[in-house]
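Subject: Model for your files

Hello,

Please read the notes with the structure open beside them.

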Amino acid sequence: MDTKHYTIPVFIPELACPFQCIFCNQRKISGHLKVPSPEEVKDIIGKYLETIPTRKRVVEIGFFGGNFTGIPQAEQEAYLKVAIPYLEQGKIQGIRLSTRPDYISVTVLKLLKKYKVNTIELGAQSMHDEVLQRSSRGHTVQDTITASGLIRKFNFRLGLQMMIGLPGDSLELAMDTATQIVELRADNTRIYPTLVIKETKLEELYHNKKYKPLPLDDAVFWSKEVFKIFEKGRVKVIRMGLHPSEGLITGKELVAGPFHKSFRELAMTELWWEELKQLTNNKYKSIRITVHPKQLNFAVGYSAKNKKRLLEHYNTVVYQTDVELEGRDFYADNY
Ligand code: SF4
């Protein structure tokens, strides 16, 4: 059995976020958000730990919610102090957090080192200043470069999250953002397609026809192209698309945009089709495709899309698995 990774998500909204990123409604609804007390965080962790298997696991506590290092230092310390005993008792193996590129400094990193944080994720969003400006991010590309360098210098693991489809973004710019994230030697990334959320500046732009969200098919295509760059650059993609239960997104919050509950599966389906479409030039009537068990669902495709595509060329399409295969390697035989 493979070791499984678990992250216990602890959402710490920053109630006094001074920024107004056009895609974020945190500021508007912050009055309804509850910031967990350190005691409550302990409960969250305790309850979560009870639900996951005790063997063959690597568990991290993740402080998410935008800008952890933007909250007052005493509060950061109070939260981190809750996590430390779990680390010392071996109940968890790491602490990660997400923050903004312009909220990283030597002082901040020294504090996080003291509390044994191992991974810092930055919301880079784009590596193009015009896109950042048009999104009112309030930081520059240089901030991300400087912060990434410092994070690496202090030997943290580095996560650089990106968004696709922000105002001014294009497939070329998104691919370049991914290339720059690889060059900054990020360990991992998350790819978030831009969604139009209620009560955001982006909603206003959308209604005034000044912003057009990416159609779902385009967002899937862009994500696939960007994924390939990360894969080649050995940057682990830990998420593609917004998790339905993550953050503030519920059906009611969404105005428009490429939201799909199985976004990653959609992108992986297309990635696999790039491999499998070569099989459509075949004179045989039946085909058997062997893939790694972890890739099976993607190779078959979301709603069996790839299997159906192949069935346009064959009478029978069968999949089987082989643990010896790596990544998207596969073999196909006719029978
Ligand atoms: S995305 Fe983060 S920094 Fe921007 S407004 Fe929302 S909470 Fe603040």
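β1 and strand β2 (residues 57-64) run parallel and are joined by 8 bridges. One of the residues involved is F11, whose bridge partner in β2 is F64. Please keep in mind that this is a predicted model.

This pair belongs to an open sheet of 7 strands, paired in parallel, in the order β1-β2-β3-β4-β5-β6-β8. The edges are taken by β1 (4-11) and β8 (236-240); each has a single partner strand, so one side of each has no neighbour in the sheet. On average, neighbouring strands of this sheet are turned by 25 degrees against each other, with direction ignored.

Next, the backbone. Most residues other than glycine have a negative phi.

Q125 is not a glycine, yet its phi is positive, at about 65 degrees. Where is Q125 found? It belongs to strand β4 (residues 119-125), and β4 is one of the strands of the open sheet described above. Is Q125 buried or exposed? There are 26 other C-beta atoms within 10 Å of Q125, and the cut-off for buried is 20 or more, so Q125 counts as buried.

The second case is E199, also a residue other than glycine, with a positive phi near 60 degrees. E199 sits in the loop between β7 (196-197) and α8 (201-207).

On the helices, I looked at one pair. Helix α9 (residues 216-232) and helix α10 (residues 263-276) have axes that come within 9 Å and cross at roughly 65 degrees. Angles of 65 to 115 degrees count as roughly perpendicular, so α9 and α10 are described that way. Their crossing is right-handed.

Last, the ligand. Which residues come nearest to it? There are 11 residues around the ligand, and C17, F19, C21, C24 and G66 are the nearest of them. Sorted by class, this shell is made up of 4 nonpolar, 4 polar and 3 charged residues.

Regards

Notes
Residues numbered from 1 in each chain as written. Predicted model: local features only at pLDDT ≥ 70, side-chain atom pairs only at ≥ 80, totals over all residues. Near = placed C-beta within 6 Å. Nonpolar A, V, L, I, M, F, W, Y, C, P; charged D, E, K, R; others polar. Helix = DSSP H or I, 4+ residues; strand = E, 2+ residues; numbered from the N terminus. Buried ≥ 20, exposed ≤ 12 C-beta atoms within 10 Å, placed from the backbone. Pairing = 2+ DSSP bridges. Axes fitted to C-alpha atoms, helices over the stretch in contact; angles between N-to-C directions. Parallel < 35°, antiparallel > 145°, perpendicular 65-115°, else oblique. Left-handed = near helix turned anticlockwise from the far one by under 90°.
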